[in-house]
Amino acid sequence: SGLRQNTVIVLWGDHGWKLGEHGEWCKHSNVENDTNAPLLLSVPGMKQAGRHTRALVEFVDIYPTLAEVAGLPLPGHLEGTSFKPLFDNPQRAWKSAAFSQYPRQKKVMGYSMRTNRYRFTVWVSHQNREKVEAMELYDHQTDPQENTNIASLPANEALVERLMTQWKQGWQGAKPAKG
């Protein structure tokens with residue numbers, strides 16, 4: 001029918017489901033298998049059609065990406081970043097982190113940051129948002145299932161400090177470099 005020549009297709013899925021992993025059932029937490037989701041795009045004229053990227057993108061990036069490929073203007077208040085540059089170069093440097101959050105027992109909010117290598121989660125009190133109750137750190141090179149929290153190991157003190165600084169910069173600090 002020729003529709004593929006002028007149709008953008010987006011397929012993304014719900015986040016994961018735990019069947020007892022991390023002592024949990026269901027899918028609501030800050031671990032990788034709850035926050036990682038499939039995302040596929042097909043855009044007419046893609047130079048690298050059929051390729052995949054390991055770049056970190058987030059659901060908030062879908063709207064700006066679709067608007068850019070459709071030639072629509074973007075409102076200034078968006079938190080997402082168009083990942084259209086990845087269509088031409090899937091291996092290019094991209095966001096330094098992706099962010100998610102989910103509460104635990106209505107007492108603390110878990111703010112999680114996923115970098116190419118680490119997942120870093122900071123648990124903040126609902127009563128005092130300046131009070132960090134706990135931290136979690138997982139190294140995906142050595143622990144892709146996120147089974148061993150290494151945040152409190154003395155050998156990781158500098159790493160935790162560096163990730164905390166990056167986490168405090170938030171999504172604005174994780175944006176990809178222009179160009």
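This is a predicted model: local features need pLDDT of at least 70, side-chain atom pairs count only at pLDDT 80 or more; totals for chains, interfaces and linings use all residues.
View 1. Helix α1, in which Glu-32 lies, covers residues 32-35. Two arginine side chains make polar contacts with the side chain of Glu-32: Arg-119 at 2.5 Å and Arg-114 at 2.8 Å. When neighbours within four places in sequence are left aside, the residues in contact with Glu-32 are Arg-114, Arg-119, His-140 and Glu-146.

**View 2. The open sheet of strands β5, β6, β7 and β8.** The sheet has four strands in the order β5-β6-β7-β8, with antiparallel pairing. Its edge strands, β5 (98-104) and β8 (132-139), each pair on one side only. From one strand to the next, the twist averages 15°. Seven bridges link β6 (residues 108-114) to β7 in the antiparallel sense. Ser-112 has Thr-121, in β7, as its bridge partner. Helix α4 lies across β5, β6, β7 and β8, and runs at about 70° to β7.

**View 3. The largest nonpolar core.** This core has 15 residues. Those with the most contacts inside the core are Met-113, Phe-120, Val-122, Leu-137, Leu-163 and Trp-167. At least two core residues come from each of β7 (118-125) and α4 (157-173). Helix α4 gives the most, with five residues.

**View 4. The surroundings of Phe-120.** Which residues does Phe-120 touch, not counting those up to four places away in sequence? They are Tyr-111, Ser-112, Met-113, Met-135, Glu-136, Leu-137, Val-160, Leu-163, Met-164 and Trp-167. Among these, Met-113, Leu-137, Leu-163 and Trp-167 are, like Phe-120 itself, listed with the residues that have the most contacts inside the largest core. Ser-112, also touched by Phe-120, is the residue bridged to Thr-121.

View 5. The relative accessible area of Asp-139 is 8%, so the residue is buried. Its side chain reaches the backbone nitrogen of Gln-141 at 2.9 Å. Not counting residues up to four places away in sequence, Asp-139 touches Arg-117, Tyr-118, Pro-144 and Ile-150. One of these, Tyr-118, is 21 residues from Asp-139 along the chain, and the two C-alpha atoms are separated by 4.8 Å.

View 6. Phe-87 is buried, at 9% relative accessible area, and Phe-83 is buried at 6%. The count of aromatic pairs in the model comes to three. How are the rings of Phe-83 and Phe-87 placed, and what are the distance of their centres and the angle of their planes? The centres are 6.0 Å apart and the planes stand at 85°. An angle over 60 degrees counts as edge-to-face, so the Phe-83 and Phe-87 pair is edge-to-face.

How values were computed. Residues are numbered from 1 along each chain as its sequence is written. Side-chain values use heavy atoms; hydrogens and water are left out. A polar contact is a pair of N or O atoms within 3.5 Å; within protein, one must be able to donate a hydrogen and the other to accept it, and residues adjacent in sequence count only if both atoms are side-chain atoms. Contact means heavy atoms within 4.5 Å. A nonpolar core is a set of buried Ala, Val, Leu, Ile, Met, Phe, Trp, Tyr and Cys residues joined through side-chain atoms within 4.5 Å. Buried means under 20% relative accessible area, exposed over 50%, partly exposed in between (1.4 Å probe, protein chains only). Two strands pair if DSSP finds at least two bridges between them. Axes are lines fitted to C-alpha atoms, for helices over the stretch in contact, and angles run from 0 to 180 degrees between N-to-C directions. Rings of Phe, Tyr and Trp (its six-membered ring) pair if their centres lie within 6.5 Å; planes under 30 degrees apart count as stacked, over 60 as edge-to-face and the rest as tilted.
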